[in-house]
Amino acid sequence: MGSDGKRKKRGRKSKTQTTLDPTTSTINDEVFSLNNVEIVNSATPTSANHLENRRGRPKKRLRRSPEKTPPLINGEIGVGTPVEGVARVVPAMDAVVKVFCVHTEPNFSLPWQRKRQYSSSSSGFVIGGRRVLTNAHSVEHYTQVKLKKRGSDTKYLATVLAIGTECDIALLTVNDDEFWEGVSPVEFGELPSLQDAVTVVGYPIGGDTISVTSGVVSRIEILSYVHGSTELLGLQIDAAINSGNSGGPAFNDKGECVGIAFQSLKHEDAENIGYVIPTPVIKHFIQDFEKKGAYTGFPFLGIEWQKMENPDLRVAMGMKPDQKGVRIRRVDPTALESEVLQPSDIILSFDGVDIANDGTVPFRHGERIGFSYLISQKYTGDNAAIKVLRNSKTLEFVIKLSTHRRLIPSHVKGKPPSYYIIAGFVFTTVSVPYLRSEYGKEYEFEAPVKLLDKLLHSMPKSPDEQIVVVSQVLVADINIGYEELVNTQVLAFNGKPVKNLKSLANMVESCDNEFLKFDLEYDQIVVLRMKTAKEATVDILTTHCIPSAISDDLKP
């Protein structure tokens with residue numbers, strides 16, 4: 001979170017990578033930034049210097065001809081069409097609200113405490129059913145959320161109903177009836193086409209009143225969602241999306257909402273590239289919440305696949321000239337698909353839609369899109385028909401779709417980090433927020449190679465498997481000689497493999513051996529006398545003001 005004015009990486013190029021940072025991330029040498037947050041206490045640029053063009057001269061006011069004057073909405077440029085020279089009032093503008101959030105993030109390096117709280121502001125808009133949509137990263141780790149309507153001086157307390165981390169959407173409501181008076185909900189439109197006009201409305205940095213920017217849809221494709229570390233359908237537009245814009249609606253020329261602004265591209269060779277969450281993703285989130293009473297997520301196939309564009313490769317895999325598809329490289333052993341799919345299977349079609357050798361499927365007229373779009377249209381628990389080629393034989397299966405779990409998760413979804421302390425050894429689990437806390441935003445280059453390899457390539461062998469590490473050693477007489485251990489994976493305890501943090505804590509607490517022996521990576525071992533280790537733990541907790549040696553979620 002935080003103001004993008006403090007987190008931009010203009011001009012800095014990074015190596016190609018697949019790990020996505022929830023604040024900024026690089027994909028194919030491009031830096032993406034989330035634009036939700038304008039830090040409330042930060043200075044707002046209001047001097048004349050910020051209003052100059054690139055040559056340092058003040059911008060000239062352009063005089064528009066009457067026939068090209070944009071329609072007015074309550075005195076402001078916006079969507080809609082003028083009727084006989086009179087500005088038409090579009091209620092959709094009044095449905096856009098400003099979101100104020102106080103965040104208290106977990107401290108993953110000191111998991112028994114939280115970081116200092118901070119405030120941010122972003123945008124949102126009213127939809128049917130007395131609800132408000134905004135971005136998930138706008139209210140992540142919230143302690144208090146307030147909403148303010150356009151032209152109002154009152155902030156209303158909001159309740160968070162659901163947070164969709166993968167799709168970066170959050171659903172809010174307000175219990176105060178006064179908030180809903182005179183507000184008409186936004187109506188959703190269809191997925192726009194290329195070159196369709198869009199108008200982004202919100203409360204970006206640079207002022208306190210509502211802001212309107214216009215542009216066109218320049219690209220429609222499967223897009224990397226920085227906050228969710230996922231790939232879903234997205235719109236690229238050339239309208240400016242700045243810090244504070246996130247969560248605001250994007251309208252078409254009919255005044256219908258066609259998306260939610262959520263991130264932009266910061267690159268030395270790019271200008272005015274913003275991204276919008278389109279209506280199919282928004283409707284999926286809303287319907288998922290309405291059907292199941294909670295957000296369950298987008299399903300994903302637990303596989304890694306390879307393109308089959310090389311003709312020799314297709315022949316070697318037994319494919320006929322008229323057959324197309326993609327090869328399965330690996331199957332997640334914890335995924336339901338592992339019961340029917342195998343490595344080297346060729347996926348020919350998904351739900352009756354043929355998949356091309358480059359992994360794309362037809363999408364509207366004259367367009368193609370990645371076949372993961374078909375999967376994202378389904379809901380968790382839905383069935384899907386999949387046709388594969390195995391040993392030159394065509395097989396058909398019906399699989400049940402579910403969410404995909406990574407060995408090193410990208411998000412903890414609001415949960416506090418788990419930890420266990422014995423004799424000053426702080427044991428915790430590895431996640432992307434933990435790596436960022438330990439190594440900063442450049443953790444992809446600073447973290448240990450073994451952890452990064454597991455992050456990018458390893459799959460869990462069981463549903464509850466975790467990477468458990470010695471985060472740090474709180475120095476005391478009992479752990480002399482072990483002080484330099486940091487972020488080292490724990491492989492076994494007293495000869496028994498460590499599957500997750502809870503199993504390690506249970507084994508240590510129930511141990512009746514004279515010694516505690518921890519096997520670490522790189523063939524390191526830690527040996528402590530059990531009795532003195534447990535006695536020393538009490539004094540170490542007192543010294544460091546730690547309330548408990550074990551996090552609440554690990555307690556029996």
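How many bridges join strand S16 to S17? In this predicted model, the number is three, and the two strands run antiparallel.

**Strand S17 and its partners**
- S16 covers residues 249-251, and S17 covers residues 257-266.
- Five residues lie between S16 and S17, which form a hairpin.
- In the turn of this hairpin, Gly 255 has a positive phi of about 85°.
- S17 is also joined by five bridges to strand S18 (residues 274-278), and this pair runs antiparallel.
- Ile 260 of S17 stands opposite Pro 249 and also opposite Ile 277 in S18.
- Ten of the ten residues in S17 are buried.

- In soluble globular proteins, nonpolar side chains tend to be buried together.
- The largest nonpolar core here has 86 residues, and Leu 133, Ile 169 and Phe 285 are among those with the most contacts inside it.
- Strand S17 gives the most to this core, contributing six residues.
- Beyond its neighbours within four places in sequence, Phe 285 is in contact with residues including Leu 133, Ile 169 and Tyr 295.
- A second, separate core has 28 residues, including Val 468 and Phe 493.

**A buried serine**
- Ser 120 lies in strand S7, which spans residues 118-127.
- Ser 120 counts as buried because its relative accessibility is 1%, and the cut-off for buried is under 20%.
- The side chains of Ser 120 and His 103 are joined by a polar contact of 2.6 Å.

Methods. Residues numbered from 1 in each chain as written. Predicted model: local features only at pLDDT ≥ 70, side-chain atom pairs only at ≥ 80, totals over all residues. Heavy atoms only, no water. Helix = DSSP H or I, 4+ residues; strand = E, 2+ residues; numbered from the N terminus. Buried < 20%, exposed > 50% of the residue type's maximum accessible area, 1.4 Å probe, protein only. Polar contact = N/O pair within 3.5 Å; in protein donor to acceptor, adjacent residues only side chain to side chain. Core = buried A, V, L, I, M, F, W, Y, C linked by side-chain atoms within 4.5 Å. Contact = heavy atoms within 4.5 Å. Pairing = 2+ DSSP bridges.
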